[in-house]
Amino acid sequence: MFVNTDSKYIWKNGSFDSWDESNIHILTHTFHYGLGVFEGVRAYKTDKGPAIFRLKEHTNRLFDAAMKVDIKIPYSSDELNEAQKNIFPKNNLAEGYIRPMVYLGSESMGLRASDLSVNVAVAAWEWPSYMSPEARETGISIIKSPYQQYSNPLYSGNKIMGSYINSIMALHDAIKKGADEALLLDKNGFISEGSGENIFIIKDNNIFTPKVDHCLNGITRQSIIEIAEGFNINVEEADLTYEDLIDADEAFFTGTAVEIMPINKVDSTIIGEGSRGPITKKLQETFSEIVTGKNEQYASWLTHTNE
């Protein structure tokens with residue numbers, strides 16, 4: 001639920017619009033066909049003010065996704081980074097979620113549409129815990145989804161607007177069946193990811209995660225791999241099966257929204273002790289120190305909005 005929208009602004013095409021007046025035309029091409037790209041970014045409260053986690057990496061991925069679907073963004077990455085920084089003082093936010101998005105205009109319709117405007121917007125708002133705060137310790141339950149992850153690498157490897165229907169259907173199915181999240185497999189039966197998260201499993205003090213052939217190469221995913229390797233924990237990217245997961249000592253999701261979320265149950269199988277395991281806890285606590293500016297080793301991952 002969005003709050004305080006009467007005092008919020010959205011950056012669109014170079015200027016700020018009030019939240020309620022930042023609208024699009026009903027014939028906006030992206031609204032009909034889903035051709036557009038977006039990012040999910042997060043800023044955290046620190047002693048030096050709001051700090052955006054891995055801003056440059058997120059913006060670079062936005063440009064990379066746009067290039068793959070043949071959209072030329074009419075702003076530089078530096079300009080979009082500044083827009084994401086500036087929206088925090090503009091909206092009087094100490095922390096929050098950021099949604100940069102690139103979409104095509106309403107000048108014409110049809111698959112052969114040409115000469116369409118490319119529009120860019122950045123919104124930011126308060127972001128409460130994606131799951132209950134208690135879930136960070138107790139973990140969440142997931143079920144194997146009947147929905148298969150897209151086999152098209154264009155969809156599974158990039159944040160393209162029209163490609164998330166599968167994830168929505170999988171999550172809704174999981175919730176209806178009493179679980180917190182879904183587990184998606186690929187066409188070959190290997191573990192892919194959650195509806196919007198990467199997945200890691202821990203066995204005999206080694207960490208395993210699906211190869212990027214099977215999932216989005218999430219920025220939080222990349223960060224956790226680097227943090228774990230910094231602790232001399234072995235991390236392997238592998239073809240993982242459902243059986244690997246239910247036999248794990250620990251398991252957790254990662255993502256911008258979910259951060260690091262322990263998995264305590266898969267279908268009817270309890271994972272490990274049924275709550276957060278020691279390696280998950282260590283990674284979780286380190287990640288929290290990093291994003292709140294309390295870990296100098298990874299200080300370069302933060303961009304302070306007042307810089």
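**View A. Surroundings of R61.** Apart from neighbours within four places in sequence, R61 is in contact with E39, K159, L216, N217, G218 and I219, where contact means heavy atoms within 4.5 Å. The model shown is predicted: local features need pLDDT of at least 70 and side-chain atom pairs count only at pLDDT 80 or more, whereas totals for chains, interfaces and linings use all residues. Residues are numbered from 1 along each chain as its sequence is written, and side-chain values use heavy atoms, with hydrogens and water left out. R61 lies in helix α2, residues 55–68 (helices are DSSP runs of H or I with at least four residues, strands are runs of E with at least two, and both are numbered from the N terminus). With a relative accessible area of 14%, R61 is buried (buried means under 20% relative accessible area, exposed over 50%, and partly exposed in between, for a 1.4 Å probe and protein chains only).

**View B. The side chains of R61 and E39.** The side chain of R61 makes a polar contact with the side chain of E39, at 2.7 Å; a polar contact is a pair of N or O atoms within 3.5 Å, of which, within protein, one must be able to donate a hydrogen and the other to accept it, and residues adjacent in sequence count only if both atoms are side-chain atoms.

**View C. The aromatic pair F53 and F287.** Rings of Phe, Tyr and Trp (its six-membered ring) pair if their centres lie within 6.5 Å, with planes under 30 degrees apart counted as stacked, over 60 as edge-to-face and the rest as tilted, and by this rule the count comes to 11 aromatic pairs. The rings of F53 and F287 have centres 5.3 Å apart and planes at 75°, so this pair is edge-to-face. Because F53 lies in strand β5 (residues 49–53) and F287 in helix α9 (residues 278–291), the pair ties together parts that are 234 residues apart in sequence. F53 is buried at 5% relative accessibility, and F287 is buried at 3%.

**View D. The aromatic pair Y97 and W127.** Y97 and W127 form a stacked aromatic pair, 4.4 Å centre to centre with 25° between the planes. This pair links distant parts of the chain, 30 residues apart, with Y97 in strand β6 (residues 96–104) and W127 in the loop between β7 (118–125) and α4 (135–138). Y97 is buried, at 7% relative accessible area, while W127 counts as partly exposed at 25% relative accessibility. One aromatic cluster is formed by F2, W19, Y97, W125 and W127.
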